[in-house]
Amino acid sequence: MSLVSALVYRRRHRLLGRLVQEALALYGMEVPAACEIGPGLTVFHRGFGTVLHPYTTLGAGVTLYNGVTIGRADPWVPQELSPMRRVVVEDGAVLCAGAKVVCKEGVLTVGAGTVVGANAVLTRSTGPGEVWAGVPARKVGVREDWVPAQAVRAP
């Protein structure tokens with residue numbers, strides 16, 4: 001586990017939480033304590049420039065590259081009046097460098113195993129194992145190498 005990933009998991013610590021948040025800020029990462037993060041988070045390039053909205057849920061085994069932003073599509077509206085509820089990034093998803101995931105209303109879900117390409121701007125939910133790229137992002141393919149967790153059988 002990288003230092004940055006370790007800091008992300010310790011950001012809710014009762015005594016050290018504030019210090020950990022400041023250490024993350026030195027790396028250029030903003031990960032509010034309200035974010036829900038599953039096990040196995042991988043952060044590449046120290047997550048430099050990564051910003052997560054407080055109403056973000058990251059599943060198990062999610063990979064974040066530098067410059068990823070997850071947030072609202074209407075930042076000028078007060079949070080309590082925004083129709084955005086949450087962004088859910090499901091297990092095994094990969095958000096490449098500079099990817100932006102912005103929710104307009106309700107819950108935006110990045111499907112399990114989905115890849116959001118570099119500098120893509122994703123504004124709608126995706127299915128599992130898809131590849132999205134562009135501005136605005138559109139589906140450009142399906143991951144041939146991705147196997148749903150339910151399909152993996154123990155010996």
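Student: In which sense do strand 4 and strand 7 pair, and over how many bridges?

Tutor: Start with the general idea: strands of a sheet pair through backbone hydrogen bonds, either parallel or antiparallel. Now the case here, keeping in mind that this is a predicted model. Strand 4 (residues 56-58) runs parallel to strand 7 (residues 84-89), with 3 bridges between them. To find your place in that pairing, look at leucine 58, which sits opposite valine 89 of strand 7.

Student: Which residues make up strand 10, and how does strand 10 pair with strand 7?

Tutor: Strand 10 covers residues 106-110, and its pairing with strand 7 is parallel too, over 5 bridges. A handy landmark there is valine 87, whose bridge partner in strand 10 is leucine 108.

Student: What is the strand order in the open sheet of 6 strands?

Tutor: Read it across as 2-5-8-11-13-14, with mixed pairing. At the edges you'll find strand 2 (42-43) and strand 14 (138-142), each pairing on one side only. Threonine 42 has threonine 63 in strand 5 as its bridge partner.

Definitions and conventions. Residues are numbered from 1 along each chain as its sequence is written. This is a predicted model: local features need pLDDT of at least 70, side-chain atom pairs count only at pLDDT 80 or more; totals for chains, interfaces and linings use all residues. Side-chain values use heavy atoms; hydrogens and water are left out. Two strands pair if DSSP finds at least two bridges between them. Helices (H or I, at least four residues) and strands (E, at least two) are DSSP runs, numbered from the N terminus.
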